[in-house]
Each structure stands twice: as structure tokens, then as C-alpha cells.
Amino acid sequence: MIYFKFPFSETLYSTDRQQDKESISFHSFDRLRQIGFQGNIIEASELFSQEIITHESLLKDESHFNAETKDEYLHTLQHVIHVIKDEQLPKLVYSRRKIFREFEEIDLKQSFNNLCTTYPNAFRYIFNDGENAWMGAFSEVLGKFSKATGEFETMSLAGTLPVSEDWSEKEIEEQKPVTSYIQNVLEDYSENIRVSETYDHISGNIKHLRTDFKAVIKPEDLDALITDLHPTPAVCGIPKDICKKNIRKFEKFPRELYAGFIRIDTEESILYFVNLRCARLYRDSVHAFVGGGITAQSNPEKEWIETELKSEAILKNLVTI
């Protein structure tokens with residue numbers, strides 16, 4: 001089963017599970033794995049109210065993962081910053097899992113409803129295919145393609161602070177290479193690119209710096225464009241290949257679906273959302289995935305606090321017993 005809501009919409013959707021098409025699919029960060037849901041997209045509020053989504057339907061956690069401690073995180077981040085300085089990298093994204101086990105049961109329906117209420121401007125979803133159960137909410141658009149006009153929209157989203165704080169040079173410099181990277185990729189596919197001013201994007205208790213892009217592309221170029229864009233510097237770093245190599249080297253756990261993307265095929269559009277504020281759900285644990293853009297100016301202690309704030313996106317909305 002899968003249920004989801006689009007940004008700025010409270011209409012609940014699912015699929016009718018017909019086998020003639022795949023309307024929504026989740027792609028792992030490394031693009032080696034894909035989880036798809038068959039059928040046409042349908043409104044599903046009544047279906048959701050009747051659906052039995054129980055804690056017992058989740059698998060037990062047999063991953064045997066132990067979450068990275070704060071000391072381990074700070075120690076590794078010092079090595080990451082050393083590599084960034086040695087390689088003169090503008091940015092490298094380092095992530096961790098926060099594993100929550102202090103509960104007997106989870107009310108999945110109410111947890112998802114809480115997530116939807118807290119993040120109305122996000123793509124929100126919950127799914128369980130029998131082997132994998134995930135829940136998430138994030139509003140970064142990897143791409144939106146109009147089937148009627150050929151217009152492609154995307155965004156540069158980077159830098160994170162609590163809503164009440166002012167931007168520093170670190171966050172501003174972190175967002176700039178993301179913007180440049182996306183513009184350079186789009187220039188290979190379109191001669192007419194429109195770029196917005198950079199502005200604040202509020203997401204719950206935190207904010208990001210955001211720049212929007214629009215360009216007209218050929219429909220046959222869409223898959224190649226998404227391949228070139230993913231993973232963006234917002235979830236990987238720059239240069240892409242060097243950062244991916246160091247992500248594999250330093251991160252304690254595989255990212256799985258975290259920092260991958262979600263593809264939704266509607267009648268009017270093909271949408272791609274980055275899967276960031278998300279968690280894998282087990283019967284006896286919740287694995288929340290969090291990360292941050294690391295630069296030569298990064299302060300490890302502040303980066304730890306940032307990941308703690310990001311983990312609240314999922315964890316504070318869980319209804320547990």
C-alpha cells in the first residue's frame with residue numbers, strides 16, 4: 001500500500017493497483033534499487049479511513065545497525081573536513097541514521113496525519129510493500145515536467161538553519177555551488193533558462209536557501225536530464241564522483257532510499273521529489289536518515305545540532321505507545 005499528498009494540497013492519493021502502468025516509484029541514492037507501485041493515481045481518503053495499517057504489519061529490525069554516537073560523528077566529520085580542504089571541494093554531504101527504539105507500538109495512521117499537518121508544503125508519503133516500509137515529507141523538487149508545454153522546473157535548495165537565526169557566510173557559500181551546478185546542467189538541454197532570486201524556504205522548524213529554475217526541454221531528453229541532475233550537490237556534493245567515493249568511504253550506513261528520488265507520473269506532469277526527511281519503519285525501531293552539507297568552514301558541533309533538528313521532522317510526529 002502507498003498513500004501520499006502533493007505539496008500545498010490536502011487531497012490524499014494512492015494507486016488502484018492495476019498492472020498496466022507504474023505511477024509512482026522510489027529510487028535509491030545510488031540508483032541501483034527501485035520500489036514501484038502499480039496502477040493509476042486515485043483519490044484515497046475513504047480508502048485510507050478503511051485501510052488497516054497496523055504496527056504488526058511491519059517487519060522486525062534485523063539490520064543489526066547501531067546508530068552513530070555523537071563522538072563518532074564528530075570524529076568522522078573532522079576527517080571529512082580534512083578531505084574537503086585537501087581536495088579543495090566546495091561541499092560534501094555527510095549523513096547518518098538516528099535509530100529510535102523507545103516504544104512498544106507505533107500508530108502509523110496518526111503519525112502520517114501528523115506529518116501531513118506539520119509539513120503542508122511538502123510531498124508526504126507512507127508506504128509498505130511487505131518488505132519495505134517508509135514514511136517521509138520533503139519539498140525539494142528534483143524536477144517537474146509538463147507534458148503539455150515541455151517546461152521543466154527544478155530548484156536549488158541548500159543551507160539549513162533554525163527559522164529564527166540569520167544566514168551566515170557558511171550557508172550562503174554552501175548554496176552557491178548547488179545553484180551553479182543546476183544551471184550548468186540545464187544549459188546542456190535548453191537555451192532559455194529562467195532563474196529566480198534566492199529566497200528563504202521554510203520547512204517546519206528549519207529554513208533553507210532556495211533558487212528556482214524553469215526551462216523548456218525536449219520530452220525525449222527528460223530521463224537523461226534527471227540522470228545528470230541526480231544526485232545534486234544538495235545531497236552529494238561537488239564534484240559528484242569524488243564526493244560519492246567519499247560518501248561510501250566515510251558514512252557508516254548505506255543510504256538506501258534516503259537522498260534518492262521519487263518519480264510520480266500523472267496525466268499532466270512527471271514529478272520528481274528528493275527523498276530527504278524520511279525514515280524506514282520497523283516493528284521495533286525507526287531509522288531516521290539525516291545529513292548536512294559540509295564545507296571547509298563547517299563546525300562539527302553545529303553540524304551535529306543541525307542533523308538533530310532534521311531528525312525531528314519524522315520523530316516528533318510519531319505517535320508511539
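Student: Which helix gives the most to the lining of the largest pocket?

Tutor: Helix 6 (residues 240–250), with four residues. This is a predicted model, in which local features need pLDDT of at least 70 and side-chain atom pairs count only at pLDDT 80 or more, while totals for chains, interfaces and linings use all residues. Residues are numbered from 1 along each chain as its sequence is written, and side-chain values use heavy atoms, with hydrogens and water left out.

Student: What makes a space a pocket, and what a cavity?

Tutor: On a 1 Å grid over the protein atoms alone, a cavity is a set of points where a 1.4 Å probe fits but cannot get out; a pocket is an open set with protein on both sides within 12 Å along at least five of seven lines. Lining residues have an atom within 4 Å of a point. The largest pocket holds about 390 Å³, and among its 19 lining residues F29, D30, R31, K244 and R248 lie nearest the centre.

Student: How do the residues of that pocket lining divide?

Tutor: Into six nonpolar, three polar and ten charged. Asp, Glu, Lys and Arg count as charged, Ala, Val, Leu, Ile, Met, Phe, Trp, Tyr, Cys and Pro as nonpolar, and the others, Gly among them, as polar.

Student: How many cavities of 30 Å³ or more are there?

Tutor: Five. The largest has a volume of about 160 Å³, and the residues closest to its centre are T160, A234, L276, R277 and K310. Strand 10 gives the largest share of its lining, four residues. The second largest cavity comes to about 60 Å³; strand 6 supplies the largest share of that lining, three residues. A volume here is the space filled by probe spheres set on grid points, which are joined across faces, edges and corners.

Student: Why is strand 3 called largely enclosed?

Tutor: Buried means under 20% relative accessible area, exposed over 50%, and partly exposed in between, with a 1.4 Å probe and protein chains only. Five of the six residues of strand 3 (residues 22–27) are buried, so the rest of the structure largely encloses this strand.

Student: How do you know that strand 3 pairs with strand 4?

Tutor: Pairing asks for at least two DSSP bridges between two strands. Strand 3 and strand 4 (residues 34–38) run antiparallel and share five bridges; S25 has G36 as its partner in strand 4. Six residues separate the two strands in a hairpin, where R31 in the turn has a positive phi of about 65°. Strand 3 also pairs antiparallel with strand 15 (residues 261–265), over four bridges, with I24 opposite I264.

Student: What makes the span of helix 4 agree with expectation?

Tutor: The expected span is 1.5 Å times one less than the number of residues. For the 18 residues of helix 4 (residues 169–186) this is 26 Å, and the end C-alpha atoms lie 26 Å apart, so the two agree.

Student: Why is S298 called buried, and what does its side chain contact?

Tutor: The relative accessible area of S298 is 9%, below the cut-off, so S298 is buried. S298 sits in the loop between strand 18 and helix 7. Its side chain makes a polar contact with the side chain of E303 at 3.2 Å. A polar contact is a pair of N or O atoms within 3.5 Å; within protein, one must be able to donate a hydrogen and the other to accept it, and residues adjacent in sequence count only if both atoms are side-chain atoms. A polar atom of the S298 side chain also lies 2.8 Å from the backbone nitrogen of T295.
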